[in-house]
Amino acid sequence: MIRLLRAEALKFRTIWSTWAILIITMVLTGGLGVLVGFAPHRHDVEALLFPARGTSSWFDLVFSTMTVSVDLALVLGVICVTGEYRHKTVTPTLLCEPKRGRMVAAKLLSSAGGGVVVGVAGGLTGLVLGIGLVAGGFGDTGRMLTEYRHVFPGVLAACVLYGIYGLGLGALLKNQVVALVVGLGVIAVVEPIVEGVVPSVGRWLPGQAAEALESVAVSASRRGGGGIFSSTAHLITWWEGALVLLAYGVVLAVAGTFTTLRADVT
Amino acid sequence: MTTGTNFSDFAGERRRTSAVGTAPSVEVRGLTKHFGSVVAVDDLTFSVEPGMVTGFLGPNGAGKTTTLRMLLGLVSPTSGRALVNGVAYRDLPDPTRTVGAVLEASGFHPARTARNHLRTIAAVAGIDFTRVDEVLELVGLGADAGRTVGKFSLGMRQRLELARALLGDPEVLVLDEPANGLDPQGIAWIRGFLRWFASSGRVVLVSSHLLAEAAQTVDDVVILANGHLMGHGPLQQLLQGTTATVAVRVRTPDAQRLVSVLQATRPEAGRARLEGPDTVVAEGTTPEEIGPIMAENRIVVYEMTSTGESLEQLFFQMTEGGQMGGHPIGQPWGSVGAQGYASAPPPEEGSS
């Protein structure tokens, strides 16, 4: 299994898509952070959405852009398995590891690892941004780091679980475009609808589960007002979020192993 | 890929024996595959001997690729078994070091370099990365190791595929149409390589539709049509089993007269016919037989050859029979089964 994991890591490292995902993660985190932090606004009117610069809530808002890493971890997990089918490298892959369950297990673990890397890339970008903002005269280091510690662990955990979830989706759906559209479409389109109609179901869906996980520290320490995590009451608890995400990934991967991946490779 | 390569320079140091200390083997027993209502492979049984090159021949759609993919664990058989060294591919303890496979639909990530492509395979099998450059050198891709595969020509991809198959210095080599996309020099190289590989006591099973090429390379043949086994055994023996496949082509200014003479002197020995204004084809005979006849009749001969199409004719005869009625036509094939080892254990003396 160690060899399989090393091979999977090598596969990630030796294609440009992986690096593109990391660069997109960093650009989006940094870019969106600056954008939401310095969006023109009148904070006397919309204080809830645009808190005053340098405040805890403001840092919370800026760091919330690290959550884009989560979606990119999903993309990485999807690519990990669907890329093999798209480029037909699944044939050589199965020739050197003919036991398909083992192949999926290795990919599941390496997608989780990929999630860590994406999460760290987003996290480091957020940290650099935070240091830059403090250096630029907005807030102080202590306040910045406190908010950073609130957001980053949840984002990192969500990245790992989304990597696994993406792998599961890819393993079941096999087609790269379909898996990406379904994966991101559920979060962006289906979930808001379900959330609006049946909130009791919606909060168990992947996007909301991730949000529960991301907002763990925030909701525990939130002393009212500001930031995107200001309203977390409707969410499930962080550990429920973590478990449900893990379940999505593993169940999909197992289902994929017994259906799609079991099929003939021609 | 120079034809003068000393192949043994690239061979591993390992002794050529499988885990249990016996010669490597490939065996197919009652192998059947249905795709929906289509029967792709029907109750196929044959074995492949080590130490020689076995050709796996059949027209397109005969089931060759499906059979090879079942052997490699990529396609699940509907029934029957395909075994390498006595076990199913997915139960092999070290598949990369046991079997090397060159497959048509095998893929490469276009953005990955040739070297990195092979490294991902080597990593799984625990093969040292120095071996990657070694096999790339062997197939003539040493200078292209750092280039992305997306920029490779078909022939280069085929050579990279061969390099991948050789990575684990395997004891069984399975190749699906390896000559595809290769230039004549590359084909000659492959032919030499397969001969060398087999001569070291290893198994080579190579599918092909290029019969003239196969005739020069293979010792044994397994002939498939419509998923059915049409013939199996040493090539020479199969060819001898059918008189119709032997023919002599003669170029002579007296073509018309030669036809008349042959028809008059040997009416029983088949047909002689004009193939062109100065060319006669006499089927069912040999140069030794008609040479004296021509001398006797004072016929000037410019050129006389035994036709190189014998395998082709054999093949058409067998595969057409398969396509028409699902059974081989004519008598010889039943007798081939008895003479050769389609249904009997291999002869001890290895007469071919």
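Helix α1 (residues 64-71) of chain B lies across β1, β2 and β4 of chain B, at about 120° to β1(B). This is a predicted model, where local features need pLDDT of at least 70, side-chain atom pairs count only at pLDDT 80 or more, and totals for chains, interfaces and linings use all residues. Residues are numbered from 1 along each chain as its sequence is written, while chains are lettered from A and ligands numbered from 1 in the order in which they are written.

A few terms to start:
- Helices (H or I, at least four residues) and strands (E, at least two) are DSSP runs, numbered from the N terminus.
- Axes are lines fitted to C-alpha atoms, for helices over the stretch in contact, and angles run from 0 to 180 degrees between N-to-C directions.
- Residues are in contact if their C-beta atoms, placed from the backbone, lie within 7 Å, and two strands pair if DSSP finds at least two bridges between them.

**The three-stranded sheet in chain B**
- Here 3 strands make an open sheet, ordered β2-β1-β4, with antiparallel pairing.
- β2 (38-48) and β4 (79-84) of chain B sit at the edges with a single partner strand each, so one side of each has no neighbour in the sheet.
- Ignoring direction, neighbouring strands of this sheet are turned by 20° against each other on average.
- Strand β1 (residues 26-35) of chain B is joined to β2(B) by 7 bridges, and H34(B) stands opposite V39(B) in β2(B).

**The six-stranded sheet in chain B**
- This open sheet of 6 strands runs β5-β6-β7-β3-β8-β9, and its pairing is mixed.
- Its edge strands are β5 (99-102) and β9 (228-234) of chain B, which pair on one side only.
- Strand β3 (residues 53-57) and strand β7 (residues 203-208) of chain B pair in the parallel sense over 5 bridges, with L57(B) opposite S208(B) in β7(B).
- α1(B) turns up again here, lying across β3, β6 (172-176), β7 and β8 (220-225) of chain B at about 150° to β6(B).

**Helices packing in chain A**
- The axes of helix α6 (residues 100-135) and helix α7 (residues 141-173) of chain A come within 8 Å and cross at roughly 155°.
- The contact of α6(A) with α7(A) has 19 nonpolar, 11 polar and 1 charged residues (Ala, Val, Leu, Ile, Met, Phe, Trp, Tyr, Cys and Pro count as nonpolar, Asp, Glu, Lys and Arg as charged, and the others, Gly among them, as polar).
- Helix α3 (residues 56-63) of chain A also meets α6(A): their axes come within 10 Å and cross at roughly 145°.
- F59(A), V62(A) and F63(A) in α3(A) meet G126(A), L129(A), G130(A) and L133(A) in α6(A).

**Where the chains touch**
- 29 residues of chain B are in contact with 23 residues of chain A.
- α3(B) gives the largest share of chain B's side, 7 residues.
- By class, that side of chain B has 15 nonpolar, 9 polar and 5 charged residues.

- Confidence in chain A is highest in α6(A), at 93, and lowest in helix α11 (residues 216-221) of chain A, at a mean of 49.

Methods
Contact = placed C-beta atoms within 7 Å. pLDDT = per-residue confidence, 0-100.
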